[in-house]
Amino acid sequence: MNRQTKHGFWKKSVNGRTALLYLFPSILLFSVFVFYPMFRTIYLSFFLTDQAGNAALHVGLENYGYLLESSAFRNSMKATGLFVLYTVPIGIILSLFFALLANEKLKGIGFFRTLYSSTMGISVAASSVIWLFMFHPSIGMFNRVLSVLNLPQIQWLLDPEWALLSVSISTIWMNTGFSFLILLGGLQNIDEHLYESSRIDGAGYFYRLRRITLPMLSPTLFFIITISLINAFQSFGQIDILTKGGPSQSTNLIVYSIYREAFINYQFGTASAQAVILFIIILIVTILQFKLGERKVHYQ
Amino acid sequence: MKKVELIDLSKSYDKQVDVISNINVTIEPGEFFVLVGPSGCGKSTMLRMIAGLEQITSGTLKIGEAVANDLPPDKRDLSMVFQNYALYPHLTVQQNISFGLDVKKVKKDEQRKRTEEVAEMLGLTEFLKRKPRELSGGQRQRVALARAIVSEAPICLMDEPLSNLDAKLRAHMRSEIRRIQRTLGITMIYVTHDQVEAMTMGDRIMILHEGKIQQVGKPIDIYNNPANPFVATFIGSPPMNLAQAMVDKKASELIVGDVWRLPIPADEIDALPEAPLIAGIRPEHLRPATKETREGDKLIVEVTNVEVLGNETVFSFQLGADEWQAKWSGQWQIDLGDSIPLLADYGALCLFESKSGKRIKQPTDLGNFVFGKEVLV
Amino acid sequence: MISLPKKIGMYFLLIITSLLVFFPVLYAFMISFMTGPEILQGRFLPHSFSLENYVKVFERLPLLNYLLNSFIVSAGVMLGQLAVCSLAAYAFVFIQFKGRDFIFFLFISTMMIPWEATMIPNFFIIQKLDWLNTYQGLTLPFFALAFGTFLLRQHFKTIPKELQEAAQIAGLGRFAFFWRVVLPVSKTSLVTLGAYGFLTTWNMYLWPLLITTNSSVRTVQIGLKQLQSQEIATDWGVVMAGVIVVIVPTLLLLFIGQKQLQKGLSQGALK
């Protein structure tokens, strides 16, 4: 009897064991490259470290205290906040506009769709190099246009007043491709019949946009807003190539700040503390998305 | 050709209430056995237990002579046809049919030979190179059949295989499946919710309701002698008319639905209890009264609905609290609100105990509805 | 359906906006054919489409080597992701087991952890494994991907359960069912995930920057940075030639797979 129940248990758990086999690669990789490093980051944020990144001296919350008092970090947070504010809303509105245009049934629309989505295929590094040239103070396109129009020249990337804005403009451009693609997909998932019936009711374009398109698109919009927010917080490549965080720290976004603290200044403790703060910000954004998403968004 | 034996078979999920309880039945080799019942009665679960897709909670399942409770599905020597056909969308018809053979490592030549034979039998030869999505519903259904046949398994299970087809095709496939089953002599266990399919296809049928067997038997026996009110209304279209009934021993009459009094033959009155009963009568046994009918035997009813179906006429009326229907052959010009005199024999009545649903009288006089071959000249 | 003036207006908007979007790429393309003086003149069209700058960029950088590295790394991550994610998605959809919800939650939680927040310990892990400047150091950390698992899971869920049961009756084992039925049936979403994985890896910047300290496995993106910082102001034509070389493979991939990617990603995004 005993043997039978044991046998039974072994048999019953056969599904669990096979499932684990299939999940094992994912679980192992997540453990090694996501969960462990995350805990390690939190752990390191309470320490001062040596050059090899080992915890050397426990300092408790001092790293955080130091960060909160450091004007450089506060400046970096402010720059990050502004950067998010500049890039996300405009980027999404622009992509939505493109997607609405590209969703019309016209001849050759496929060509335009390809052009709109093209920036998704261009790496951050390549885009940044292109924009670096366009922002060039003497031979860049922008200043040439300004001089043709008899307007004063702008030191796009060298003027602390302008640098963050310039980086934001290039970032908006880089991100439209992906947002456009997702939004277009969302638009095309909307049931044609909804439009037909509204057309029978005599609804105009903007009425349809407000009453059908946007509500039906809301899950997609919500998704892309979240992704864009997270992406904006994670921006790095354009900073590294365009400004290196300057001038006078005005574009020192948080990831760049972490990078510099860790791999240039070798301050892994404070870098980790910043990483934890980044993690908390992203966590809040994601949780907000879940909380708001359940209530506000109209799912089909 | 193997028999399938179910002994005290039960099924429950998470040790909760039984969805199927104490099923005992033996399906004979080569038999066409139909499991029929309303949705949620447990018929599909039962089939899936036989297939090995569901665990058996208790009881014994024997396939052939061997206990099969713990055998994996592929060791049970059976094939199965699913309601949605379960064709592999990425494979051609040919590959779909030979898939099982390929898994069992049958030689390629043999695979091709058997596939072609079966395709020929089902008229699929010209579609062998197509993908399932390029086929019509009926063709897909045939591919599913072909896949079951090609395995040459002695037992075939079918789970509502015709329910996705339109009415005309369904009628055609009924006879085709029957024909194939007879030709190959396989044991067929067929699940359906459609009593017409059950009646027309099964050698024997089992009626399930809420996980319990209601009746097992030949279709015509079940039609004539339903074991309880549920079976009476489930089999037959329109269903058997039912109403509350009481025996009035003094008057030697049966009072049906408080309004209709039928004389009970003297030799039968003693066998009847005084407890409340349910009386049932098939719509075709409610005959039109004629001029010769005695006034007291007539039941005058007011017509509430009429359906003329071309060769027969069905009309409804209210009998006490219940809506009844009568079915007459021919086209009758009846209007709503007409008063129609009806006539029925006590012999055609079926009586059940109200409380237990047990049958206490089966119809004896089936009127002119049963014919032997000898009437044919 | 749509009136003519409206149509013309539409096309006008489409042409203007799409040109604005594509202009920087076009501009870079033109610059890549220009000589230094031409660039200083501020022309838009080059005198001639000579490939001189392209020849130069391959001379100054081991660009071919970098391209190959990028290709190996991108293809590696793509295949790794397809394998790891499809196995996990299969378990989530086709196997009933205790603790499934918990493990699913674990997968979701990885989406809330930004890669940049874990890069410091990750760098040291790769260093300890002695994987700096190796392909495995560049690829392995990206094999497991919650988004990819969800994308495939969405598609797997559309496969009728009866297919699995039919396979069971035919005697097909679990892995055989995965390999012979589930994967072929899900070709479209595998392609989507594959293209997505390839694209994002090809464009990856921060991780290769940390992990490649010499040119042995360095990818083109880091090559671009190198090129740009070497060439300050002098030879923009060469730099742009490098840019064009780097973006052509992914642009092509995007143009071919645009429709597929758009459909697949928006499906994976929304459950």
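Predicted model: local features only at pLDDT ≥ 70, side-chain atom pairs only at ≥ 80, totals over all residues.
Which chains share the most contacts? Two pairs of chains are in contact, and chains A and C share the most contacts. Now check chains A and B. No contact joins them, and their closest C-alpha atoms lie 11 Å apart.

**Stop 1: where chain B meets chain C**

Show chains B and C together. Here 16 residues of chain B are in contact with 13 residues of chain C. Stay on the chain B side. Select β6, residues 78–81, and α2, residues 93–103: these are the elements of chain B that give two or more residues to the side touching chain C. Which element gives the largest share? That is α2(B), with 3 residues. Next, colour this side of chain B by residue class. You will find 10 nonpolar, 4 polar and 2 charged residues.

**Stop 2: a helix of chain C**

Select helix α9, residues 161–170. Which of its residues are buried? They are Leu163(C), Gln164(C), Ala166(C), Ala167(C), Ile169(C) and Ala170(C). Show what surrounds them. From chain B, the buried residues of α9(C) pack against α1 (43–51), β6 and α2. From chain C, they pack against α4 (63–94) and α10 (174–185). Now step past the helix end. Gly171(C) follows α9(C), and its phi is positive, near 95°.

**Stop 3: two crossing helices in chain A**

In chain A, select helix α5, residues 109–117, and helix α8, residues 163–188. Their axes come within 7 Å and cross at roughly 135°. Are they oblique or roughly parallel? The two helices, α5(A) and α8(A), are therefore oblique to each other. Show side chains where they touch. On α5(A), pick Arg113(A), Tyr116(A) and Ser117(A). On α8(A), pick Gly177(A), Phe180(A), Leu181(A) and Leu184(A). By class, this contact of α5(A) with α8(A) has 4 nonpolar, 2 polar and 1 charged residue.

**Stop 4: the two domains of chain B**

Colour residues 4–228 as domain 1. Taken over C-alpha atoms, the domain centres are 37 Å apart. The contact between them takes 13 residues from domain 1 and 16 residues from domain 2.

Look at the domain 1 side. The elements giving two or more residues there are α6 (195–201), β9 (204–209), β10 (212–217) and α7 (219–224) of chain B. Which gives the most? It is α7(B), with 3 residues. Colour by class again. This side of domain 1 has 6 nonpolar residues, 7 polar residues and no charged ones.

**Stop 5: a sheet in chain B**

Switch to a cartoon view of chain B. Find the open sheet of 6 strands, in the order β13-β12-β11-β14-β20-β21. The pairing is antiparallel. Where are the edges? Select β13 (260–263) and β21 (359–361) of chain B, which each pair on one side only. Look along the sheet. Neighbouring strands are turned by 35° against each other on average, direction ignored.

Finish with one pair of strands. Select β11, residues 241–248, and β12, residues 253–256, of chain B. These strands run antiparallel and are joined by 4 bridges. Strands of a sheet pair through backbone hydrogen bonds. Last, click on Met246(B): its bridge partner in β12(B) is Ile255(B).

Conventions:
Residues numbered from 1 in each chain as written. Chains lettered and ligands numbered in written order. Contact = placed C-beta atoms within 7 Å. Nonpolar A, V, L, I, M, F, W, Y, C, P; charged D, E, K, R; others polar. Domains from an automatic or database assignment. Buried ≥ 20, exposed ≤ 12 C-beta atoms within 10 Å, placed from the backbone. Axes fitted to C-alpha atoms, helices over the stretch in contact; angles between N-to-C directions. Parallel < 35°, antiparallel > 145°, perpendicular 65-115°, else oblique. Pairing = 2+ DSSP bridges.
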